[in-house]
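Here is a friendly briefing to keep beside the sequence and the 3D view. Please have both open as you read.

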Amino acid sequence: MRRIFPIFFSKKEKFIGHNPASSIAIIIMLSLGFICVISGLMLYGIDENSGIFAFLYNNYNELKFVKSIHEVSANLLLIVAIIHICGALIDKFIHKNDALNSMITGYKLTKNDESVKANLAQKIFCLVWILAIIAAFLYILNRDNFILKSHALKVDYSSQNAVFAKECGSCHMLYPPFLLPKKSWEIMMANLENHFGDDASIDEEANQNILNFLLANSAQMNSNKTAFNILKYAKNDQNIAITKNEYWIKKHRKIDEKVFLRDDIKSKANCTACHKDIQNGIIQKSLIDYEKIKR
C-alpha cells in the first residue's frame, strides 16, 4: 500500500518514471478513453448514420444502452483525470518531486539525485506520436474522411410511390413517412377535405395507395432514432401535426418563435428551410443550417 499510494504516507520516494499510483491512473484513463471513443463513434453511427459504425443506424432501440456507456465512461474519465492532476500537484508542491518538470524537459532526478534524460530513440518515438496526433486531428477536420463520413442514402420517394410524390409534393414538401405513427396517417388520410384548413381531397384509389405507402413506412416500421422517439413522445394518438409531437417540440425548444415567422422560413412546418435533404428521408445534425437559425 505504501508503494501504491505514496502521497498518503509519510515515507517519500522518488521514481524514475511515474509513481505506482500515477501508473494505475494512466492505465485507467487509457482504458476509459478507449471505451469513450469507441462508444462515441458507435453513437455517431446510431444517431447520424455516419462514420465507421453507420451500419448500426437502424438498430437504435436495441443499442440505446451505448449512450449510457458513453456518458458513464466520459464522466469517469474526467473524474480520474482530476484526481490524477491533484496527485501530480501534491507530488510537485508537497513532496517536491520533479515529475511535472520531467514531462516538459525530459529530465528527471532519481533516488540518488542523478539526472535521467530521454535517449534519442525515446525522443524520436515521442516526436512521431505528436506528429501522428496532429495528422489525425487535421484528417478528421475533413468531414469526408472514412471515420466521420455520412453513409445516409437519399430516398427517391417519386420512384417509390409516384402518386404520393405527385399528390403530396404538389402542395408542400414531402414529409418522410417515419415522422408520424400509423394512427396519425390513418386519421389524416381519412379527412383530407379538411387538411389543415384546406381541401386536399383526392380520389379513393389514390387515397388508398398513398395510405398504404405511408403505413408501410411509418414510425413503427423504422428503427432509426427519429422514428423511435416520435413514437416514444406520441402521447396523443389523434395528433396529425408533426410539429405538435413532443419530440419535435423538445428538439426545437431553444429556437425563438420569431425565427419560424421569418419570410425565409414562414412556418414550423417548413422543415426544408433548415434541414437539407429531409425530403429525401435524411435527418442529420451535420445537414442543419444553423446559420439560418441564428440570423
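The points below go from the overall build to single residues.

This is a predicted model, in which local features need pLDDT of at least 70 and side-chain atom pairs count only at pLDDT 80 or more, while totals for chains, interfaces and linings use all residues. Residues are numbered from 1 along each chain as its sequence is written, and side-chain values use heavy atoms, with hydrogens and water left out.

**Confidence**

- The protein has a mean pLDDT of 89, and 91% of its residues reach 70 or more; pLDDT is the predictor's confidence in each residue, from 0 to 100.
- Residues 4–10 call for some care, as pLDDT stays under 50 there. For this stretch the model has 14 contacts beyond four places in sequence, a contact being heavy atoms within 4.5 Å.

**Overall build**

- The protein has 12 helices and two strands. These are DSSP runs numbered from the N terminus, with helices being H or I of at least four residues and strands being E of at least two.
- Starting at the N terminus, the order of elements is α-α-α-β-β-α-α-α-α-α-α-α-α-α.
- The protein is more spread out than a compact globule, because its radius of gyration is 28 Å, well over the 19 Å that the globule rule gives for 295 residues. The radius is taken over C-alpha atoms, and the rule is 2.2 Å times the number of residues to the power 0.38.
- Along the principal axes, the C-alpha atoms fill a box of roughly 95 × 35 × 35 Å.
- Of the 295 residues, 35% count as buried. Buried means under 20% relative accessible area, exposed over 50%, and partly exposed in between, with a 1.4 Å probe and protein chains only.
- Among contacts between residues at least 6 apart in sequence, 57% join residues at least 24 apart.

**Aromatic rings**

- Rings of Phe, Tyr and Trp (its six-membered ring) pair if their centres lie within 6.5 Å; planes under 30 degrees apart count as stacked, over 60 as edge-to-face and the rest as tilted. By this rule there are nine aromatic pairs.
- One of them joins Tyr-139 and Phe-146, whose ring centres are 6.3 Å apart with planes at 45°, so this pair is tilted. Tyr-139 is partly exposed at 39% relative accessible area, and Phe-146 is exposed at 52%.
- Tyr-157 and Phe-213 make an edge-to-face pair, 6.3 Å centre to centre with 85° between the planes. Tyr-157 is in helix α5 (residues 157–160) and Phe-213 in helix α8 (residues 204–216), so the pair ties together parts that are 56 residues apart in sequence.
- Both partners are buried: Tyr-157 has a relative accessible area of 5% and Phe-213 one of 8%. Ring pairs link Tyr-157, Phe-164 and Phe-213 into a cluster.
- The charged end of Lys-268 sits over the ring of Phe-260, 5.7 Å from the ring centre. This label needs NZ of Lys or CZ of Arg within 6 Å of the ring centre and within 35 degrees of the ring normal.

**The buried face of helix α7**

- Which residues of helix α7 (residues 182–189) are buried? They are Ser-184, Trp-185, Met-188 and Met-189.
- Seen down the axis of α7, these residues fall within an arc of 120°, so they line one face of the helix. The arc is that of the directions from the helix axis to the C-beta atoms.
- An α-helix has 3.6 residues a turn, so residues three or four places apart point the same way.
- What covers the buried residues of α7 includes α8.

**Buried residues in loops**

- Leu-63 lies in the loop between α1 (20–48) and α2 (65–93), and is buried at 15% relative accessible area. Leaving out residues up to four places away in sequence, Leu-63 touches Ile-46 and Leu-56.
- Gln-284 lies in the loop between α11 (257–260) and α12 (290–294), and is buried at 4%. Setting aside neighbours within four places in sequence, Gln-284 is in contact with Glu-48, Asn-49, Ser-50, Ser-150 and Ala-152.

**Positive phi angles**

- Phe-196, in the loop between α7 and α8, has a positive phi of about 50° although it is not a glycine. Phe-196 is exposed at 52% relative accessibility.
- Lys-266, in the loop between α11 and α12, has a positive phi near 75° and is likewise not a glycine. Lys-266 is exposed at 64%.
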